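Here are my notes on the model you sent. Please read them with the structure open.

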Amino acid sequence: MDPRRHVPRTDVVLADPRLVAARESLGGALVKAAVSRAQDLARSGAISTASVADTAAALLPRTAATMTPVINATGVLVHTNLGRAPLSAAARKAVRAAAGCTDVEFDLASGKRGRRGAGALDALARAVPAAGAVHVVNNNAAALALAATALAAGREIIVSRGELIEIGDGFRLPDLLQSTGARIREVGTTNRTSLDDYRQAICAGTAFILKVHPSNYLIEGFTASVSVRELASLGALVVGDIGSGLLRPNPVLPGEPDADSWLRAGAGLVTASGDKLLGGPQAGLVLGRPETVSRLARHPLARALRVDKLTLAALEATLTGPAAPVMQAMTAALSSIRRRADAHAERLAGAGVDCRAVPTAVAVGGGGGPGVTLPSAALSLPEQLAAELRSGAAVRRGDGPAVVGRIEGGRLLLDLRAVEPADDERLAAAVLAVAARDGARSPAAAASADGVSCPARE
């Protein structure tokens with residue numbers, strides 16, 4: 001008899017208690033898809049007909065969304081392709097609490113409509129004392145677009161040619177500004193712009209002077225630029241785009257502009273990102289003079305750019321809670337990172353994995369600290385492990401996180417500065433599991449297995 005005739009019916013498999021429970025958290029479509037896949041494996045002879053339910057349960061995704069948790073071991077602390085800043089434990093807890101009904105725009109004491117996101121806005125105002133008022137939109141580009149729309153539609157924005165940057169994924173600042181109906185008045189040259197260049201460009205049609213921090217690159221050599229304080233002396237409104245989201249000066253990044261300093265220097269408005277150096281959720285932060293911020297907040301476009309309750313909850317917890325993972329990674333002692341790398345390398349090498357600890361340097365990333373590198377340490381492993389750690393069977397089954405490193409000199413480097421110490425065990429377990437399947441043994445282990453004696457390393 002054809003063994004495929006013994007493959008259990010879909011309704012029989014779906015009656016398994018594990019799959020019944022999964023329908024409550026994942027939904028019927030995903031559970032049924034896992035059952036269908038398991039039945040196909042049984043029909044092909046890859047599994048026994050008796051194990052269809054077990055296989056279907058193993059094939060269930062961990063969540064109803066397709067995004068996979070990743071351990072960022074690339075050596076780029078704020079990695080745009082990996083979601084930029086990982087949220088702190090406090091922010092994640094706040095998001096879970098806000099996932100249901102919440103008082104995002106309701107005054108529980110009076111029973112009437114309240115100020116939307118009051119807690120997050122108050123926390124942001126406290127974090128930047130020089131800001132007379134604050135507002136939040138869904139990203140920094142949105143903040144800048146809102147400023148141009150509300151303040152400069154049909155008028156001119158003066159900006160240095162050296163600051164007309166591309167902001168990522170092919171989007172360019174001039175295109176963004178012009179899409180709002182504003183006109184761009186370019187001044188200076190790519191490498192040198194003077195105060196007189198700005199002064200001569202100011203006219204009755206000037207809406208504001210835009211000062212942009214070119215956070216993804218450096219211009220060195222024969223250069224000149226104008227500070228916010230100097231620009232403020234010209235009398236026109238100065239709007240500053242700091243991009244990377246540093247709210248106050250930080251000794252780790254002494255050359256990075258911050259919102260509080262630019263406001264104190266005379267900027268009337270500053271925009272920044274929430275998911276970069278601040279370490280919070282994706283958001284555009286708008287800080288400045290009360291009358292200017294109010295014009296933006298009450299503009300019709302502000303409603304289209306409004307953030308949701310989850311963003312507000314995560315932002316408030318990031319501002320009021322303990323240091324975010326990005327800042328912890330930036331300020332972590334090198335000695336601590338080296339100790340972790342040495343402990344990992346000793347454990348993995350002891351298990352026969354070709355692994356050693358090596359010194360490295362990491363980048364801040366996310367448009368923060370261009371040209372700044374921080375010393376770190378990494379695990380050096382065979383290059384062949386990279387693909388399996390990223391997307392192998394364990395990742396597909398949901399047994400462990402995806403681990404993303406970088407290839408350098410023909411080796412896979414797993415840099416530990418951006419890896420939270422709480423993830424160390426998961427990282428080591430993932431490497432051990434993948435190395436066991438791929439046979440990535442150390443030279444000493446391989447020689448021992450072949451009956452060859454190796455001298456001890458000096």
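1. A word on terms first. Helices (H or I, at least four residues) and strands (E, at least two) are DSSP runs, numbered from the N terminus. On that numbering, Ala131 lies in the loop between helix H6 (118-127) and strand E4. Keep in mind throughout that this is a predicted model.

2. Confidence. The average pLDDT of the chain is 91, and 93% of the residues score at least 70. Residues 447-458 are another matter: their pLDDT is below 50. Beyond near neighbours in sequence, that stretch has five contacts in the model.

3. Overall layout. The chain holds 20 helices and 17 strands. Its C-alpha trace spans about 90 × 65 × 40 Å along the principal axes. Of the 458 residues, 47% are buried. Take the contacts with a separation of 6 or more: 74% of them join residues 24 or more positions apart.

4. Back to Ala131. Setting aside neighbours within four places in sequence, Ala131 is in contact with Leu263, Leu287 and Gly288. Gly268 is 137 residues from Ala131 in sequence, and the two C-alpha atoms are 9.1 Å apart in space.

5. Helix H7 (residues 140-152). With 13 residues at 1.5 Å a residue, H7 should span 18 Å; its end C-alpha atoms are 17 Å apart, which agrees. How many of its 13 residues are buried? The count is 12, so H7 is mostly covered, given that buried means under 20% relative accessible area. Among the buried residues are Asn140, Leu144, Leu146, Thr149 and Leu151. Several alanines are also on the buried list, including Ala142, Ala147 and Ala152.

6. Helix H12 (residues 290-297). Its buried residues are Thr292, Val293 and Leu296. Seen down the axis of H12, they fall within an arc of 95 degrees, so they line one face of the helix. What covers them includes H7 and helix H13 (300-304). The cover also includes three strands: E4 (133-137), E11 (269-273) and E12 (284-288).

7. Helix H16 (residues 334-350). The buried residues of H16 are Ile337, Arg340, Ala341, His344, Ala345 and Leu348. These cover an arc of only 130 degrees around the axis, which puts them on the same side of H16. The face turned away from that buried side carries the exposed residues Arg339, Glu346 and Gly350. After H16 comes Gly352, with a positive phi near 90 degrees.

8. Leu379, a partner of that buried side. Leu379 belongs to strand E14 (residues 368-382). Its relative accessibility is 1%, so Leu379 counts as buried. Which residues does Leu379 touch, not counting those up to four places away in sequence? From H16, the list includes Ala341, His344, Ala345 and Leu348, and these four are among the buried residues of the helix. Leu379 also touches Cys355, Arg356, Leu412, Leu413 and Leu414. Cys355 is 24 residues from Leu379 in sequence, with the C-alpha atoms 6.5 Å apart in space.

9. The loop between E1 and H5. Two residues here deserve a look. Arg84 sits in this loop and has a positive phi of about 55 degrees, although it is not a glycine. At 23% relative accessibility, Arg84 counts as partly exposed. Ser88 is also found between strand E1 (70-72) and helix H5 (89-98). At 4% relative accessibility, Ser88 counts as buried. Leaving aside neighbours within four places in sequence, Ser88 is in contact with Ala324 and Pro325.

10. Rings. A search of the whole structure for aromatic pairs finds zero. What sits over the ring of Phe222? The charged end of Arg192 does, 4.1 Å from the ring centre.

Definitions and conventions: Residues numbered from 1 in each chain as written. Predicted model: local features only at pLDDT ≥ 70, side-chain atom pairs only at ≥ 80, totals over all residues. Heavy atoms only, no water. Phe/Tyr/Trp six-rings, centres within 6.5 Å; stacked < 30°, edge-to-face > 60°. Lys NZ or Arg CZ within 6 Å of the ring centre and 35° of its normal. Buried < 20%, exposed > 50% of the residue type's maximum accessible area, 1.4 Å probe, protein only. Arc of directions from axis to C-beta. pLDDT = per-residue confidence, 0-100. Contact = heavy atoms within 4.5 Å. Expected span 1.5 Å × (residues − 1).
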